[in-house]
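Subject: Structure for you to look at

Dear colleague,

Here is the structure I promised to pass on to you.

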Amino acid sequence: MNFSVTDNHFFKETSLLKEEKKGIITHRSPSNIALIKYWGKHGVQLPNNPSLSFTLTNAFTETKLDYQTKNETESKSEISLEFWFENKKNEKFEQKIRKFLESLLPTQPYLGFVHLKIYSQNSFPHSAGIASSASSMAALALCLCDLEKRLLNTLQNTEEFYQKASYLARLGSGSAARSVYSNIPITTWGKTDVVKDSSDLWASPYTLPIHDIFQNYQDTILIVSAEEKSVSSRAGHALMETNPFAKTRYELAHSNLQKLAFALENGDTDTFIEVVENEAFVLHALMMCSSPPFILMETGTLTIIKKIQAFRRETNIPICFTLDAGANVHVLYPNKYKKECLDFIDKKLKPFCFEGKYLKDHVSNQ
Ligand code: DP6
């Protein structure tokens, strides 16, 4: 399945060349934080293990796509694009998006029939060092699917629409596959026995039972560093190809996902914490034993981790952390301990944050 529209009869019969069509499409996509990490890929953006993430609420990207069909004389084998980020024309992002759209052109030829103007903005500050590729690629992919729907009258089925959006988002950035579903608390991507009909090609909503304790779960994102990462995720994934622990890692992801599903169903916060922190440590350990090795944690990251673990021991509050591919720390805790945890974060962790910055977020509600 590659969601190609090349042979689609709609495309052959389309009146795209004759009839002018224009319009505006907008989509908002949430950020996500992986609990089971995607780290290592093969083929065209296919994951080497399944991943699972919480969908966030306050951190999102909003993308507006302004389209107009080209006239008969204009080339249909070229992408026509202008890209604005946070109300300013952004050449760097434009180049990246152009490359992405060009890579889609052979299977999504309708992209060559339109002039595209894309306006994108994040709800979180760009300088916060928070990866926005997941939410931005997801919002863009949803816009593209809507464009296809309007131009070719395809993707009428909602499930197919979202699967294709997730498929396209994945081609832009793997973790983006999990960000096309707003208002879905948990998403998984990648083939696993735990989730029926799971696929490496697209992410899907997690439909297994989730205990009440995980409803409205809190995620406070501590900004430890706002600098651009020294090693990109793309380069990090590539280093898994020669990582001596790769095979063990991929097996561990499967068993951790199984354990996590049990914890989510039974409200077992001990197992949840064991799995989530293990995934974060393993991710960064893999970076440290790649060749060449690299470290994305900062001193503040480790200090914060130790303080969270000590606070948990002292109070028995089931607070824990996870990390993405960077120095920032996601602090996870049940909603019912929000007051105590925010108080702890403000008093004890804030001093280790870059400019005292942190963002309060929580898992999306259905
Ligand atoms: C550690 O999705 O950023 O956040 O597919 O190369 O764009 P590309 O990588 P990306 O990798 C995310 C890695 C991670 C784990 C995760 O989100 O699952």
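Before the aromatic pairs can be counted, a definition is needed: rings of Phe, Tyr and Trp (for Trp, its six-membered ring) are taken as a pair if their centres lie within 6.5 Å, and the angle between the planes then decides the kind, with under 30 degrees called stacked, over 60 called edge-to-face and the rest called tilted. Please also keep in mind that what you see is a predicted model. With that definition, a search of the whole structure finds 15 aromatic pairs.

One of these pairs is made by F54 and Y217, whose ring centres are 5.8 Å apart and whose planes stand at 45°, so the pair counts as tilted. The pair links distant parts of the chain, for F54 belongs to strand 4 (residues 51-69), while Y217 sits in the loop between strand 9 (203-205) and strand 10 (218-222), 163 residues apart. Are these two residues buried or exposed? A residue is called buried when its relative accessible area is under 20%; F54 has 0% and is therefore buried, and Y217, with 0% relative accessibility, counts as buried too.

A further pair is formed by F83 and F93, and this one is edge-to-face, with 6.3 Å from centre to centre and 80° between the planes. F83 lies in strand 5 (residues 80-85) and F93 in helix 2 (residues 91-104), and the two are ten residues apart. F83 has a relative accessible area of 6%, so F83 is buried. Returning to F54 and Y217, you will find that they form one aromatic cluster together with F214 and F272.

Most residues other than glycine have a negative phi, and most peptide bonds are trans. Against that background, the peptide bond from S291 to P292 is cis, with omega near 0°, and P292 lies in the loop between helix 7 (269-288) and helix 8 (299-315). N216 is not a glycine, yet N216 has a positive phi of about 55°; this residue is in the loop between strand 9 and strand 10, and its relative accessible area of 21% makes it partly exposed. N316, also a residue other than glycine, has a positive phi near 65° and is found in the loop between helix 8 and strand 11 (320-323). With 67% relative accessibility, N316 counts as exposed.

Finally, here is the chain as a whole. Its secondary structure comes to nine helices and 13 strands, and its C-alpha atoms fill a box of roughly 70 × 45 × 40 Å along the principal axes. How does its radius of gyration compare with that of a compact globule? For 366 residues such a globule would have a radius of gyration near 21 Å, and the protein chain has 21 Å, which agrees. Buried residues make up 55% of the 366 residues, and of the contacts between residues at least 6 apart in sequence, 75% join residues at least 24 apart. The chain exposes about 16,500 Å², of which carbon and sulfur atoms supply 50%. As for charge, the mean positions of the 41 positive and 41 negative charges are 3 Å apart.

Notes: Residues are numbered from 1 along each chain as its sequence is written. This is a predicted model: local features need pLDDT of at least 70, side-chain atom pairs count only at pLDDT 80 or more; totals for chains, interfaces and linings use all residues. Side-chain values use heavy atoms; hydrogens and water are left out. Helices (H or I, at least four residues) and strands (E, at least two) are DSSP runs, numbered from the N terminus. The radius of gyration is taken over C-alpha atoms; the globule rule is 2.2 Å times the number of residues to the power 0.38. Buried means under 20% relative accessible area, exposed over 50%, partly exposed in between (1.4 Å probe, protein chains only). Contact means heavy atoms within 4.5 Å. Accessible areas come from the Shrake-Rupley method with a 1.4 Å probe; for residues, only the protein chains shown count as cover. Lys and Arg count as positive and Asp and Glu as negative; His and the chain ends are not counted. The place of a charge is taken as NZ of Lys, CZ of Arg, CG of Asp or CD of Glu.
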